[in-house]
Structure formats: structure tokens, C-alpha cells
Amino acid sequence: MDEKTFDERLKAAQEHAESIVRSFLPKEEGYQKTGLSAMNYSVLAGGKRLRPVLLYVTATMYGAKPALYEPFMAALEMIHTYSLVHDDLPALDNDSYRRGRKSTWAVYGDDQAVVAGDALLNFAYETALTAFSCAETKEETDRVVKALQLLASNAGIYGMVGGQVADLESDKHQELVDEKLLTFIQEKKTACLIDSGFVIGAILGGAPKEDIQALHQAARNVGLAFQVQDDILDVTGDAAVLGKSIGKDAAEGKATYVSLHGLDAAKKEVQDLTDEAADLLSHLSVDGSFLAQLAASLVGREK
């Protein structure tokens with residue numbers, strides 16, 4: 001690790017991720033201008049750019065070419081953003097605010113928000129596919145294919161969308177939610193996109209198979225810890241700091257790690273998962289110390 005502090009490196013990575021995401025956003029023009037405006041409004045609502053930052057860090061750890069991984073950075077953030085746009089809709093979470101400002105449906109209407117989310121998902125794949133034109137060898141092309149496969153599977157019915165389906169079903173039968181179902185929902189809804197952040201950059205950089213496996217497991221741990229911390233913040237957090245309403249889970253009787261096990265057990269689970277992830281990252285073939293620090297900072301967040 002160089003002489004820069006962790007905070008300096010993180011800030012630089014976030015600024016780079018922000019610039020990359022913005023560079024791939026569409027121009028707001030033509031008959032579809034309203035939809036394009038809604039897409040950009042959603043993406044530019046703020047946030048820490050966690051997933052593209054993770055992708056950037058792992059890609060640079062393994063020496064991947066920027067022309068290959070930068071489209072995936074933007075695509076991953078678009079997929080994450082579309083999921084938030086749809087989550088906020090009246091038919092789902094019915095949240096009027098996201099990151100301290102009006103959510104997309106509250107500004108553009110729920111009809112345009114649905115379309116904006118659809119558009120972001122599709123545009124994410126259009127964006128990621130541009131990496132093919134930058135692949136100069138068969139090996140690089142094969143890596144892009146593998147990265148696309150992971151991006152798609154983690155976002156789809158066997159990934160994030162599948163977790164959303166199970167979550168919606170569980171809302172109707174909260175009394176039936178047990179540890180196994182809750183873990184499935186958290187793995188799919190939260191950990192899958194974090195897995196894309198951990199692993200796509202490594203794939204594009206030609207990481208060893210053993211490292212890929214370790215990164216998958218570390219990402220699962222971090223994703224679960226991230227969601228448990230989110231559950232904790234819904235109980236102990238400050239709405240002004242979080243930029244969203246709190247206490248909704250308890251008010252709706254929603255099963256969470258906290259409701260099943262209590263606050264103290266939830267806090268211990270976050271720590272145990274984070275420690276296991278750090279151990280996995282310490283045994284990579286490259287220096288994973290910054291990634292481990294980044295993971296710890298994410299799950300220990302206050303917003």
C-alpha cells in the first residue's frame with residue numbers, strides 16, 4: 001500500500017467512480033427525453049458508488065485494462081440504481097425520498113419511474129457490451145464474456161430479482177420467515193451486486209481461480225454484513241443522516257436479523273462476517289488489504 005491514507009485512497013476511488021459513471025450517462029434529447037432525464041436524475045441522486053468502487057479496486061489489484069472494466073463500473077451502478085427506483089415505487093416500498101431528495105417516482109410519476117428503471121437495466125447491458133470493442137485478444141474477449149455472465153446472473157431471477165421475489169412473498173407471510181429464508185433474501189437482494197463488484201474486476205484482470213473463489217465468499221460475507229448493518233440502522237439510525245425514513249421494518253412487522261436475533265446478536269454477526277471476509281482477502285495472490293479495509297468501512301457505516 002502506498003503512503004496515502006485509507007480515507008485519501010477511498011475518496012480518490014469514489015471520485016474516479018463518479019466520473020466514470022457520469023461519462024456513460026445518455027444525453028437527454030429526442031422524443032424519449034423525459035425518460036432519459038428520469039434515468040439521469042436517478043443515477044445522479046448521490047450515494048457512495050460502492051459497487052463501482054469495489055469493481056475498480058479489484059480490477060486495479062489484478063491489473064485489468066481500464067477500457068475493459070470502466071464500462072462495467074457504470075453498468076453495475078445503473079443496475080443498482082434501477083433496483084432502487086423500483087424499490088421506491090408505491091407498489092413496493094412506497095418511499096417518497098431517496099438519499100435526502102425526492103425519489104424518482106415522486107418527481108416523474110410512477111409510470112415514468114417504472115420505465116426509467118427498465119431503461120437503466122437495459123442501458124446497463126448496452127454499456128457493458130461496449131467492452132467487447134476494447135478487447136484486443138481472445139483471452140480478453142473471453143474475460144469480458146465471463147464478466148457479462150456474472151453481471152447478468154447476479155442481477156436476474158437467480159440473483160437480485162430472485163431475492164426481491166422472495167422478499168415480496170415473505171411480506172405476505174412474515175410468520176413463516178426463518179433464518180434460511182432471510183439469508184436467501186439477503187444473499188440475493190444485497191450480496192449479489194456486491195459480488196459483482198468484488199469479482200468482475202478480478203475476472204477482467206485474469207485473477208487465479210483460487211482468488212476468484214475467495215472473492216466470491218468474501219463478497220457474500222460483506223453483502224450479508226452490509227444488510228444486517230442496514231437492519232441495525234433501521235432501528236438505531238438517524239433519518240437525517242441516512243437520508244431516508246427509519247423504523248419502517250418494525251412498523252410493518254417485517255422480519256429482519258434484528259427482529260429474529262436482537263441488536264446485540266446482529267452487531268456480533270456483522271463483526272464475525274467482516275472478520276471472515278478480511279481473513280479470506282488476506283490470502284489472495286495480490287495485496288487485498290485496501291479491499292479488506294474498504295469492506296470493513298462499508299459494513300461499519302452509519303448511513
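## Arginine 49 and its loop

Arginine 49 turns up in the loop between α2 (33–43) and α3. Helices here are DSSP runs of H or I with at least four residues, strands are runs of E with at least two, and both are numbered from the N terminus. This is a predicted model, where local features need pLDDT of at least 70 and side-chain atom pairs count only at pLDDT 80 or more, while totals for chains, interfaces and linings use all residues. Residues are numbered from 1 along each chain as its sequence is written, and side-chain values use heavy atoms, with hydrogens and water left out.

What is phi of arginine 49 near? For arginine 49 phi is near 55°, a positive value in a residue other than glycine. Most residues other than glycine have a negative phi. Arginine 49 has 2% relative accessibility, so it counts as buried; the cut-offs are under 20% relative accessible area for buried, over 50% for exposed, and partly exposed in between, with a 1.4 Å probe and protein chains only.

## Arginine 99, another positive phi

Arginine 99 also has a phi near 55°, again positive and again in a residue other than glycine. Look for arginine 99 in the loop between β1 (97–98) and β2 (101–102). With a relative accessible area of 27%, arginine 99 is partly exposed.

## Aromatic pairs

Rings of Phe, Tyr and Trp (its six-membered ring) pair up if their centres lie within 6.5 Å; planes under 30 degrees apart make a pair stacked, over 60 edge-to-face, and the rest tilted. The count by this rule comes to 3 aromatic pairs. One of them joins phenylalanine 6 and phenylalanine 290: the ring centres are 5.4 Å apart and the planes are at 55°, so this pair is tilted. Phenylalanine 6 belongs to helix α1 (residues 6–23) and phenylalanine 290 to helix α15 (residues 289–299), so the pair ties together parts 284 residues apart in sequence. Phenylalanine 6 is buried at a relative accessible area of 17%, and phenylalanine 290 is buried too, at 6% relative accessibility.

Tyrosine 56 and tyrosine 69 form another tilted aromatic pair, 6.1 Å centre to centre with 50° between the planes. Here tyrosine 56 comes from helix α3 (residues 50–61) and tyrosine 69 from helix α4 (residues 66–87), so the parts tied together are 13 residues apart in sequence. Buried or partly exposed: which is tyrosine 56? At 22% relative accessibility, tyrosine 56 is partly exposed, whereas tyrosine 69 is buried at 4%.

## Charges over rings

## How helices pack

Two packed helices are described by the angle between their axes and the distance between the axes. Axes are lines fitted to C-alpha atoms, for helices over the stretch in contact, with angles running from 0 to 180 degrees between N-to-C directions. Angles under 35 degrees count as roughly parallel, over 145 as roughly antiparallel, 65 to 115 as roughly perpendicular, and the rest as oblique.

Helix α10 (residues 209–236) packs on α15 at about 20°, with the axes 8 Å apart, and the two are therefore roughly parallel. The residues in contact (heavy atoms within 4.5 Å) include Leu215, Val222 and Phe226 of α10 and Leu291, Ala295 and Leu298 of α15. For α2 and α6 the angle is about 75° and the axes are 9 Å apart, which makes α2 roughly perpendicular to α6. Among the residues that meet there are Gly35, Ala38 and Met39 in α2 and Ala116, Leu120 and Phe123 in α6.

Valine 115 lies in helix α6 (residues 110–129) and is partly exposed, with a relative accessible area of 46%. The C-alpha atoms of valine 115 and glycine 35 are separated by 7.0 Å, though the two residues are 80 apart along the chain.

## Two residues of helix α9

Serine 196 has its place in helix α9 (residues 179–204) and is buried, at 0% relative accessibility. Which residues is serine 196 in contact with, leaving aside neighbours within four places in sequence? They are Leu55, Leu76, Leu150, Leu151 and Asn154.

Threonine 190 is in helix α9 as well, and at 8% relative accessibility threonine 190 counts as buried. Not counting residues up to four places away in sequence, threonine 190 touches Ile185, Gly223, Phe226 and Gln227.
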